[in-house]
Amino acid sequence: MASKVIHAFYNDDDVLMHAVKKVKAAKHHIEEVYCPFPVHGLDKAMGLAPTRIAITSFMYGCVGLTVAIVMMNFIMIQDWPQDIGGKPSFSYLENMPAFVPIMFELTVFFAAHLMVITFYLRSRLWPFKEAENPDVRTTDDHFLMEIEIHGNEQELRDLLMDTGAVEINITEK
Amino acid sequence: MYTFSNRLKIASFILMAVGVLGIGIGFMAAPSTVEEAKAIVAGHGDGHGDAHAVTEGHGDEMGHGEAHDASHDEHLLHQLQNKPWAALYVAAFFFFMIALGVLAFYAIQRAAQAGWSPLLFRVMEGITAYLVPGGIIVFVILALSVAHMNHLFVWMDPEVVAHDKLLQGKAGFLNGTFFLIRAAVFLGGWILYREYSRKLSLAQDESSDDSNFKLNFRISAAFLVFYLISESMMSWDWIMSVDPHWFSTLFGWYIFASMFVSGITVIAMVTIYLKSRGYLPDVNDSHIHDLAKFMFGISIFWTYLWFSQFMLIWYSNIPEEVTYYVTRIADFNLPFFGMVAMNFLFPVLLLMNSDFKRVNWFVIMTGIVILAGHYLDIFNAIMPATVGDQWFIGIPEIGSILFFAGLFIFFVFRALTKAPLQPKRNPFIEESKHFHY
């Protein structure tokens, strides 16, 4: 069943923030807000659940640290021990200080890259993906708030006009 | 206006009194003759027996065992005589360094024209008030060293220099007079900026334009240049030169990281204390969150410098450099690695979570560990060269900490009563009030 949605356009992020708070206060469910740039505090105002990406980042960092430890142990101690600077590689523990920079780098590398990939997967973004935003102006200078209509079109329209929307459209979704 | 609560004032006096007692006992217990020194070490049991056996065996082998023993005993006496002085100096420097770290943080906030922090300016200015008494005490200790009242700095002993080619080469820089002149210039510069900036900060409250604020911005930027140079040289003079043969090119940064993180921690602790007493109503959790982020970040920065310094010296393994770490790992194993746990592992694991940075008691608990860890950092920097394997955290050390903690609390909170805790006319005060994360 196709549902009707109302699209309210704003041309200022401060106005948008106030509008979001007002709409939330009027107990309407905001489907989505499309922005040309990230608006600070918008997620809290919309009542979105806090992001869990920091937790994944920590776990990826731990994976990177483990990979570095195992990898350096294999390369430098087990597979091909060398005597570098009078420090023969016979013991992992005694050569460990030389591996710390690698541990650090791989921790950061894994945490950063896997976090970005996770973010893309979670946001359903991949190369050549078709844009989901309903209006091209949201990539330029307009903000768009999308609210589903349940037979309360006029009430919503009045409320949104009141919050400073510059344009209001009704579309089938 | 803040009023110095009587309970806190009495607590600071008790700390000072107990501290003076501890320091006094430390000086009384220090041996004055070789026999006393030997008796003290013998009384401690077998703890140091191994080190003796090695030295003695070495002496016999060289064929002048007796002479070596005598010089070793003399050395032991000097180490034990140094103990109360070193304990006093470490604690005096540690609390002074907190105020100096806060001064650097304050100057950075001023020079960056930061919008989040003006609400905390009076707290920072209160803490930097300790620069004057703390700086004078450190200067007096240094002057007493130059006057040969103690042997903290081995290069000040003309007898040692006479037999040491390297120290003769450094004598143009490392000599008592120039040393004290430098110390006076550094302290004078820091105190001058502190007092002038404070004056402008108070004048801004009553003025009708922003000229005081702008002037404060300019002098803060200029001060940071002076600070970076003087802080670095101060760390060579006051800390690195206790090991006059050893040098590290990133030592200034390393000490800076220590004082910066200690200073930020104390800002957070004083702010939380004042908030808990109902002051600073506009300071919110986001301000604490930001300070905790700095505590977290600078702790990692400190570790980065600690490890960079260690790894280069460990890898190159040059005898005159690596001896610095050999001493620390052999004789100071627990404090040396314990401080890495306290200054790195602990804050990283506790303050990593964003929500924990907003829990005030969590920040306080982590702060206490960070401060103890950075005390140990200064301890590890001074003690190996001054008391060697005779180190212990006992009555003189704890007494010195208590005394300077009391002095610090007294001067900081007394300065906080002198002006309203919230700046009135700082142009960024509104932004600071509405600061949210």
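Visitor: Which is the crossing of H4(A) and H12(B), left-handed or right-handed?

Guide: The crossing of H4(A) and H12(B) is left-handed. A crossing takes that name if the near helix is turned anticlockwise from the far one by less than a right angle, and is right-handed if clockwise. This is a predicted model, in which local features need pLDDT of at least 70 and side-chain atom pairs count only at pLDDT 80 or more, while totals for chains, interfaces and linings use all residues. Residues are numbered from 1 along each chain as its sequence is written, and chains are lettered from A and ligands numbered from 1 in the order in which they are written.

Visitor: Why are H4(A) and H12(B) called oblique to each other?

Guide: Their axes come within 10 Å and cross at roughly 135°. Axes are lines fitted to C-alpha atoms, for helices over the stretch in contact, and angles run from 0 to 180 degrees between N-to-C directions. Angles under 35 degrees count as roughly parallel, over 145 as roughly antiparallel, 65 to 115 as roughly perpendicular and the rest as oblique. The angle of H4(A) with H12(B) belongs to the rest, so the pair is oblique.

Visitor: What makes the contact of H4(A) with H12(B), and how do its residues divide by class, and which are they?

Guide: H4(A) contributes A:Pro97, A:Ala98 and A:Val100, and H12(B) contributes B:Phe307, B:Phe310, B:Met311, B:Trp314 and B:Tyr315. Two residues are in contact if their C-beta atoms, placed from the backbone, lie within 7 Å. The division is eight nonpolar, no polar and no charged. Here Ala, Val, Leu, Ile, Met, Phe, Trp, Tyr, Cys and Pro count as nonpolar, Asp, Glu, Lys and Arg as charged, and the others, Gly among them, as polar.

Visitor: How many residues does each chain give to the contact between the chains?

Guide: Chain A gives six residues and chain B seven.

Visitor: What is the angle at which H11(B) packs with H5(B)?

Guide: Helix H5 (residues 121-128) and helix H11 (residues 251-276) of chain B pack at about 115°, with their axes 10 Å apart. Their crossing is right-handed. B:Val123, B:Met124 and B:Ile127 of H5(B) meet B:Val266, B:Ile267, B:Val270, B:Thr271 and B:Leu274 of H11(B).

Visitor: How do you know that the length of H10(B) agrees with its number of residues?

Guide: Helices (H or I, at least four residues) and strands (E, at least two) are DSSP runs, numbered from the N terminus. The expected span of a helix is 1.5 Å times one less than its number of residues. For the 28 residues of helix H10 (residues 211-238) of chain B this should be 40 Å, and the end C-alpha atoms are 38 Å apart, which agrees. H12(B), with 32 residues, reaches 47 Å, close to the 46 Å expected.

Visitor: Why is B:Ile239 called buried?

Guide: A residue is buried if 20 or more other C-beta atoms lie within 10 Å of its own, exposed if 12 or fewer, and partly exposed in between. B:Ile239 has 22 such atoms, so this residue is buried. B:Ile239 is placed in the loop between H10 and H11 of chain B. Leaving aside neighbours within four places in sequence, B:Ile239 is in contact with B:Ile255, B:Ala381 and B:Ile382.

Visitor: What makes B:Gly297 partly exposed?

Guide: B:Gly297 has 14 other C-beta atoms within 10 Å, and is therefore partly exposed. This glycine is found in helix H12 of chain B.

Visitor: What is the phi of A:Lys27?

Guide: Phi of A:Lys27 is near 65°, a positive value in a residue other than glycine. Most residues other than glycine have a negative phi. A:Lys27 has 6 other C-beta atoms within 10 Å and is therefore exposed. B:Leu280 also has a positive phi, of about 50°, but with 22 C-beta neighbours inside 10 Å B:Leu280 counts as buried.
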